[in-house]
Amino acid sequence: MNTAELTPAGELTAEQLGTVHLIGIGGVGMGGLARLLLTRGVPVSGSELREWPALAALRALGGTVHMAHEAANLDGVDTVVYSTAIPQDHVEIVEARRRGLRVLHRSEALAAAMTGRRTIAVAGTHGKTTTTSIMTVILQHAGEDPSFVIGGEISAAGSNGHHGSGSYFVAEADESDKSFLIYRPHVAIITNIEGDHLNNWGDLAGLKAGFLEFAELTDQDGFVVTCADDEGVQELIAALRAAGRTVFTYGESEGADLRITDVVSSVQGVRYQATLDGKPLGEISLALPGRHMGLNGAAAVLTAMRLGIPLQKITEALSSFPGVRRRFERKGTVAGVRVYDEYAYHPTSVKAALRTLREVAGDGRLVVVFQPYRVYRTRDLQAELAEGLALADEVIVMEVFGPGEQRGPGEGGVALTAAIDLPAEQKVFVPSWEDVPAEVLRRSRPGDVVVTMGAPPISMMGDELLVALAES
């Protein structure tokens, strides 16, 4: 996608969009935008091909959902919104252009909603959704009532989008398709930078240059927050500071502005001692396990403190944070088997999640059902993915979920399964969705942890596994 063709933030408002139609309204990103617009009073319709869980809530908020993609869906519509996953020859995009309707990428519609707000945009290879969610909850707890759009649902709120009355707007900034370059944030949080989406960026150097460009789009009186521990952001920090931009850092490194030490992770969550500018803040805890979750929380803590949020409000919000759906989400326990769902699909995220789940499993075994996401990523990162999956005791690999992509010879789930360094009897390729529950039943026993992990469709597998375990 050519971001030069997109409309930067500040040139439109949400109300100027009129009646908005979202193609693929059931997806997490589109669903969050739909919620935001509906709670803002903007008329919304959308089209889908399957009954996604989020659709009932959108209908309850007044949205119209068409269960087909067709030209007639655009009657009475002023603006049509598409995502990068929607091809330009899609019937509704073609019809919208024929009718002369406004056609916007999702990021352009989101930018319009940001107009007039102090935007906190969260970017990075890993941890965007959790960091965005924690930042939102801190602001809510402090009485700020922010607007937000998140790439996952805050568990307790059951929401990933909302129009608030406060001055802040919190949103994920997606680097995958370069669309984050049209935002103009007051605060940019960059959790980390690792090689991903190189099909759009060319190489790691190109990706880093893109993140630097994003950081440079922050307001002159705003600031950038990033992780002092992450190797990928070091050049960015140096370049920004050399240009006179304000950068604050967090992490375990000695030079971090918000330094965390004595990190302890357990089933109950992660906690650490914190100092800001050398002054002790005391213990900070987050009710989610994993060192990586501690870092995500630290990014939000540092941002909130630089915005003047009282420490007490911050720690109270963190201690009560309910988590994010599809991020270390416990689906249930049946027959002594604990079932979790986890969005991780990049090798670094896979490793972090499985190490944490290994802690949770205790004396039990860890059984992973993994659905790779995107053919190019699975091919290019196969060795790293296989290394991460080998942390489990049993691995069930499904076929790659890659809409619109073609698998070449030797690519896909079969090759990934073969690359995992586990005995043959402890790994298996299962291409058919319907066959996965039986394979999980065969491999799991009381005390085990089973996690469904990877591409978005796998999120629906957990409930099927619980049913299968109950009926066994």
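## Close-up views of a predicted model

**View 1. Gly127 sits in the loop between β6 and α5.** Helices here are DSSP runs of H or I with at least four residues, strands are runs of E with at least two, and both are numbered from the N terminus. This is a predicted model, where local features need pLDDT of at least 70, side-chain atom pairs count only at pLDDT 80 or more, and totals for chains, interfaces and linings use all residues. Residues are numbered from 1 along each chain as its sequence is written, and side-chain values use heavy atoms, with hydrogens and water left out. Which residues does Gly127 touch, not counting residues up to four places away in sequence? They are Thr191 and Asn296, where contact means heavy atoms within 4.5 Å.

**View 2. Gly124 is found in the loop between β6 (118-123) and α5 (128-141).** Gly124 has a relative accessible area of 0%, so it is buried. Buried means under 20% relative accessible area, exposed means over 50%, and partly exposed is in between (1.4 Å probe, protein chains only). Leaving aside neighbours within four places in sequence, Gly124 is in contact with Glu175, Thr191, Asn192 and Phe211. An unreviewed UniProt entry places the feature "binding site" at Gly124, Thr125, His126, Gly127, Lys128, Thr129 and Thr130. UniProt positions are given in the numbering used here, feature names are shortened, and annotations may be inferred rather than shown by experiment.

**View 3. Five strands form an open sheet with parallel pairing.** Follow the strands across the sheet and you meet the order β3-β2-β1-β4-β5. β3 (64-66) and β5 (102-105) stand at the edges with a single partner strand each, so one side of each is left without a neighbour in the sheet. On average, neighbouring strands of this sheet are turned by 20° against each other, direction ignored. Two strands count as paired if DSSP finds at least two bridges between them. Strands of a sheet pair through backbone hydrogen bonds, either parallel or antiparallel. For β2 (residues 44-47) and β3, the pairing is parallel and runs over three bridges. Look for Ser45, whose bridge partner in β3 is Thr64.

View 4. Axes are lines fitted to C-alpha atoms, for helices over the stretch in contact, and angles run from 0 to 180 degrees between N-to-C directions.

**View 5. Buried residues line one face of helix α3.** Which residues of α3 are buried? They are Glu92, Ile93, Glu95 and Ala96. Seen down the axis of α3, these buried residues fall within an arc of 165°, so they line one face of the helix; the arc is that of the directions from the helix axis to the C-beta atoms. The buried residues of α3 pack against β1, β2, β4 and β5. Just after α3, Gly100 takes a positive phi of about 80°.

**View 6. Glu439 and Arg443 meet in a salt bridge through their side chains.** The distance is 2.6 Å, N to O. A salt bridge is a side-chain nitrogen of Lys or Arg within 4 Å of a carboxyl oxygen of Asp or Glu, and by this rule the count comes to 20 salt bridges. Glu439 and Arg443 are four residues apart in helix α15 (residues 436-443), so about one helical turn separates them. Are these two residues buried or exposed? Glu439 counts as buried at 14% relative accessibility, and Arg443 counts as buried at 7%. Salt bridges that share partners join Arg365, Glu394, Glu439, Arg442, Arg443 and Asp448 into one network.

**View 7. Arg59 and Glu51 form a salt bridge between partly exposed residues.** Their side chains meet at 2.8 Å, N to O. Arg59 has a relative accessibility of 33%, and Glu51 has a relative accessible area of 48%.
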